[in-house]
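Hello,

Here is the structure I promised to pass on to you. Have a look at it first, and then read my notes below.

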Amino acid sequence: MSEPSERHVQVNGRRCRVWEKGEGEPLGFLGGLRGLPRWPRFLDRLAERRRVIAPSLPGYPGATGFEELDDLADWVTASLDLLETSGLDGADLIGASVGGTLAAEVAAFSRASVRRLVLIAPFGLFDEREPAKDLWATRPDELPELLSTRPAELAAYLAAPAGEDALEWSILLARASEAAARLLWPLGELGLRKRLHRIQAPTLVVWGSEDRLLPPSYAKKFASALGGWVEVREIADAGHLAEIDQPDAVAAAILGFFT
Amino acid sequence: MKLLWFHLMPYTDLPDDFKQKHNSVWVDIDSRLFDPRKAHVLYNEFMDELEHAAEMGFHGICVNEHHSNAYGLMPSPNLIAASLARRTRDAAIVVMGNSLVLYNPPTRVAEEMAMIDCISGGRLVAGFPVGTPMDTCYAYSQNPSQLRQRYHEAHDLILRAWQDPDPFTWNGRFHKLRYVNVWPRPVQKPHPPVWIPGGGSIETWRWCAELDYVYSYLSYFGYKNGEATMKGFWDEMKRLGKDANPYRAGFLQFVGVAETREEALALYREPAEYFYGRCLHLDPRYALAPGYSSEATQRARVRSAVADAAARSGGAGAGQATGFEAIVDQGYVIVGSPDEVAEQLRDVATNLNVGHLMLLMQFGNMNRQLTQYNTELFAKRVLPQLERLFDDRWEDRWWPRALPAAETVQPRELRG
């Protein structure tokens with residue numbers, strides 16, 4: 001697994017890291033709960049066929065400036081700025097978890113910004129009859145089990161690389177967690193239901209069959225409200241972070257959807 | 001020095017198997033454990049106890065704000081303070097305080113506190129806590145990442161609302177108000193003294209120094225655990241070139257007095273074990289809201305000992321003692337004869353350099369009779385030994401400036 005190339009763009013006057021790897025048509029990725037603390041196998045799979053561009057949203061590893069973002073309009077504006085300056089305007093876009101809700105919002109507010117959309121277990125809906133678990137009332141030791149079917153592998157993915165200061169690494173991850181909370185506290189629901197019909201980009205909804213945070217049944221709720229062509233793929237033996245648990249299967253589903 | 005009497009207003013009937021059968025005293029506390037008939041008795045007894053403390057000569061009486069919490073029955077401390085303002089004469093009414101982010105718009109705090117200051121004739125201390133994660137982020141679902149930004153805006157708005165003589169427009173980041181014009185206005189000019197209850201964050205210390213506010217460390221874990229935090233506070237004051245006036249600081253301490261140490265140990269065991277065992281049975285899931293602690297505080301917490309103590313006062317309860325011997329041994333509760341307690345508190349006040357000592361003399365399920373005994377014995381035989389401490393050298397610039405007696409009125413007697 002070779003390292004991606006790295007550059008930086010300005011959003012809201014702050015630096016945001018952009019990782020890039022592969023050749024071909026650009027394919028954007030907005031990361032999930034902890035962003036991209038390191039380059040994952042999942043993106044390597046995609047980079048075999050596409051030019052993968054993964055910009056960091058404000059607050060996620062490689063980017064700061066989320067403290068200035070107060071409401072959904074601020075986050076959508078920052079996301080649009082980030083996609084455009086990264087070279088992803090009008091490109092295919094994948095969003096996972098928190099990144100998924102912003103990818104969906106961008107596609108709803110600005111149809112021309114997204115060509116085809118992939119949502120991996122996005123936040124954005126809340127059904128009282130099947131409530132999402134409270135991510136933010138979870139002890140640190142419970143988190144891997146809540147997010148993943150392979151908690152040991154997730155822990156390794158999130159562990160500080162050799163040579164990194166352990167405290168600063170933990171603050172990096174805590175900052176990403178805060179950025180997610182800043183957007184989505186307390187329910188992960190920002191009225192997206194009222195805008196889903198505006199998303200007319202062909203959309204693939206991917207959900208881990210063992211997602212213990214956001215029920216897999218939410219995939220159908222998204223699919224039935226989206227405005228364009230929709231496919232749903234449930235990924236076996238995968239939790240909320242399906243792209244970490246089953247990188248090959250999720251990448252194959254996405255590449256299949258695009259061909 | 002000033003000796004203040006603080007009430008948390010705990011529910012006193014949590015069952016013996018509360019820890020085993022229930023998840024948490026806070027946030028998801030089981031409402032089936034709450035009996036409003038019992039609460040009728042408790043509220044009235046607790047308010048009696050605060051009034052009694054004021055009559056006995058404590059310099060101030062303190063109330064605070066908690067939500068969905070079985071050890072703190074005051075979602076609205078202002079309701080209690082308003083009643084206390086009517087039924088006391090000289091004591092400071094210390095509202096410790098209003099969690100500013102929970103009031104929308106925050107001018108509500110400016111209004112209600114001005115009312116209390118008017119009713120009491122200028123005896124209010126305005127406490128402005130950020131509020132715990134349990135109260136603010138969970139019970140009230142406020143965004144932890146915005147909490148401090150909103151807190152500071154609310155503070156700035158309230159202070160201006162008290163002082164600007166003209167209606168003004170507030171175009172804040174979080175609040176847009178076309179007409180701000182608080183009516184009534186506080187008796188105390190330019191505004192009631194502001195005290196900030198806080199943990200051990202260095203940003204809070206600097207902010208208190210900058211605005212000349214009292215910093216109050218309200219920990220349940222006593223003077224031994226508080227030492228590192230208060231040392232951190234005073235080191236920072238020195239670094240900022242502030243004097244060492246002990247009235248810059250407040251500190252909370254549980255106290256149980258009796259004729260002898262043996263008697264005190266016998267009397268206060270049950271209420272102390274009730275408080276530290278049942279009342280602090282808190283699910284740590286509700287203490288970890290992302291963004292509640294600043295990154296600087298996260299760093300300090302790992303790198304210094306200040307931190308440890310501060311983290312514990314957040315209520316997470318890790319490694320905390322629940323047996324009486326350890327509770328006394330670790331200084332959570334100071335018990336003894338009047339002379340012993342006076343000597344210990346003199347040491348505490350001197351070592352921690354604290355001019356406002358806030359005493360919890362009803363704690364846990366302590367009944368009315370024992371609370372009265374504790375309060376009276378302290379007022380008669382401990383307080384006189386301590387109240388002159390510091391006054392030869394320091395002035396309390398943060399104490400309410402009440403109206404002269406000739407300008408105050410008293411409520412009519414209850415009849416019938």
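In chain B, helix α2 (residues 36–56) and helix α14 (residues 368–381) have axes that come within 10 Å and cross at roughly 15 degrees. Axes here are lines fitted to C-alpha atoms, for helices over the stretch in contact, with angles from 0 to 180 degrees between N-to-C directions; helices are DSSP runs (H or I, at least four residues) numbered from the N terminus. α2(B) and α14(B) are therefore roughly parallel (an angle under 35 degrees). E45(B), E49(B), H52(B), A53(B) and M56(B) of α2(B) meet R368(B), T371(B), Q372(B), T375(B), E376(B) and A379(B) of α14(B), where contact means C-beta atoms, placed from the backbone, within 7 Å.

This is a predicted model: local features need pLDDT of at least 70 and side-chain atom pairs count only at pLDDT 80 or more, while totals for chains, interfaces and linings use all residues. Residues are numbered from 1 along each chain as its sequence is written, and chains are lettered from A and ligands numbered from 1 in the order in which they are written.

Over in chain A, the buried residues of helix α6 (residues 166–184) include L172(A), R175(A), L183(A) and L184(A). Buried means that 20 or more other C-beta atoms, placed from the backbone, lie within 10 Å of the residue's own. The buried residues of α6(A) pack against α2 (72–85) and α3 (98–109) of chain A.

Finally, the two chains touch: 14 residues from chain A and 17 residues from chain B take part.

Enjoy exploring!

Methods
Helix = DSSP H or I, 4+ residues; strand = E, 2+ residues; numbered from the N terminus. Parallel < 35°, antiparallel > 145°, perpendicular 65-115°, else oblique. Expected span 1.5 Å × (residues − 1). Buried ≥ 20, exposed ≤ 12 C-beta atoms within 10 Å, placed from the backbone.
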